[in-house]
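Open the model in your viewer and keep the selection tool ready. This tour goes stop by stop.

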Amino acid sequence: MSTTAWVVERPGPVASSPLRRVERPIAPPGAGEILVEVAACGVCRTDLHLAEGDLVPRTPRCTPGHEIVGRVLRTGSGVTHFAPGDRVGAAWLASTCGTCRYCLAGRENLCPHSRYTGWDLHGGYAGHTLVDARFAYPLPEGPADEELAPLLCAGIIGYRALERADLPPSGRLGLYGFGASAHLTAQLALARGATVHVLTRAEEAARLALELGAASARGAYDRPPEPLDAAILFAPVGDLVPVALAALDRGGTLAVAGIHLTDVPALNYDRHLFQERTLRSVTANTREDGRAYLAEATRQHPVVHVRRYAMSRADVALADLAADRITGVAVLMAP
């Protein structure tokens, strides 16, 4: 038995066709694993970084994709909390050692032995994939596959970034870049009572931000209409770090949410960091982040702006993402 999968054949610009579609044998689930039939997989900018070589694949001919929604086909030995037919999700964090000081302190996202779906292990740009059952999420019946898939990375990492940004109650939040993660994070912050200002170069994204309830939407390098208590940088553009820091009020925090960022220019201490402004990075997520966000999203019912692609057109979806032709989130759909 085999499955069709996309692999990163030769990392490089999307125009060089780094992805290739192949047939691969379906391995049976090992101890603690579940075999998942993929129904949908979100397309994340991290997948683009992997395909283009910004992230060096850790597995030869790796299959990207870490926003996976599907059904359990088979379970390996020792799996007791999932059964065939269960609806499950798989996200970026695929495994950790469980014994290092970071894991023991509840900071498993910093585990030096952590492995990631679609980077270390084959991901969801495929008909089937293997998942460590300890790192899979049970998903509710009801919401469409394509609406759930983006929650598993865009939603979860946005949740962690918002927590890292230390936004006070009823605070003023700036979002730099307004793609898949930001459009979900904005709704999360608004539901919590925040005022949201969006800074983006994309006109369609700015319109979407205002439709979702943002107080303003301006150019990426523009000044927001009021000082910010917190900001999150989603765009992988290091030049925006000093711009966002300068927009913070005293005591404000900037969280950088991306796994990849171009070089950050020199900072001026007085303009960018003095008055107790804080600059923080965001590294992956913990399973507790995932559980907490999915529970909050279940209550909130975020509007997920989806552009659907057949799984056979994953290369087209990545090209559209690279060219900023996607507003909201792209999702690959199984046939």
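**Stop 1: the largest nonpolar core**

Select Leu151, Leu173, Leu175, Phe178, Val196, Ile232 and Tyr293. In this predicted model, these residues have the most contacts inside the largest nonpolar core, a set of 46 residues. Now colour the elements that each supply at least two residues of this core: helices H4 (154–164), H5 (180–191), H6 (203–212) and H9 (287–300), with strands S10 (172–176), S11 (195–199), S13 (228–233) and S17. Helix H4 gives the largest share, 6 residues.

Next, centre on leucine 173.

**Stop 2**

Select Leu55, Val72, Val79 and Met311. They are among the 38 residues of another core, which lies apart from the largest one.

**Stop 3: a parallel strand pair**

Show strand S16 (residues 306–310) and strand S17 (residues 329–333). The two run parallel and are joined by 5 bridges. Follow the chain from S16 through helix H10 (residues 314–322) to S17: this β-α-β crossover is right-handed. Then pick tyrosine 309, which stands opposite leucine 332 in S17.

**Stop 4: glutamate 108**

Go to the loop between helix H2 (101–104) and strand S7 (115–116), where glutamate 108 sits. Is glutamate 108 buried or exposed? Glutamate 108 counts as buried, because its relative accessibility is 10%. A polar atom of its side chain lies 2.8 Å from the backbone nitrogen of arginine 287. Leaving aside neighbours within four places in sequence, glutamate 108 also contacts residues including Leu93, Tyr102, Phe135 and Thr286.

Technical notes
Residues numbered from 1 in each chain as written. Predicted model: local features only at pLDDT ≥ 70, side-chain atom pairs only at ≥ 80, totals over all residues. Heavy atoms only, no water. Helix = DSSP H or I, 4+ residues; strand = E, 2+ residues; numbered from the N terminus. Buried < 20%, exposed > 50% of the residue type's maximum accessible area, 1.4 Å probe, protein only. Polar contact = N/O pair within 3.5 Å; in protein donor to acceptor, adjacent residues only side chain to side chain. Contact = heavy atoms within 4.5 Å. Pairing = 2+ DSSP bridges. Right-handed = clockwise from strand over helix to strand, strands pointing away. Core = buried A, V, L, I, M, F, W, Y, C linked by side-chain atoms within 4.5 Å.
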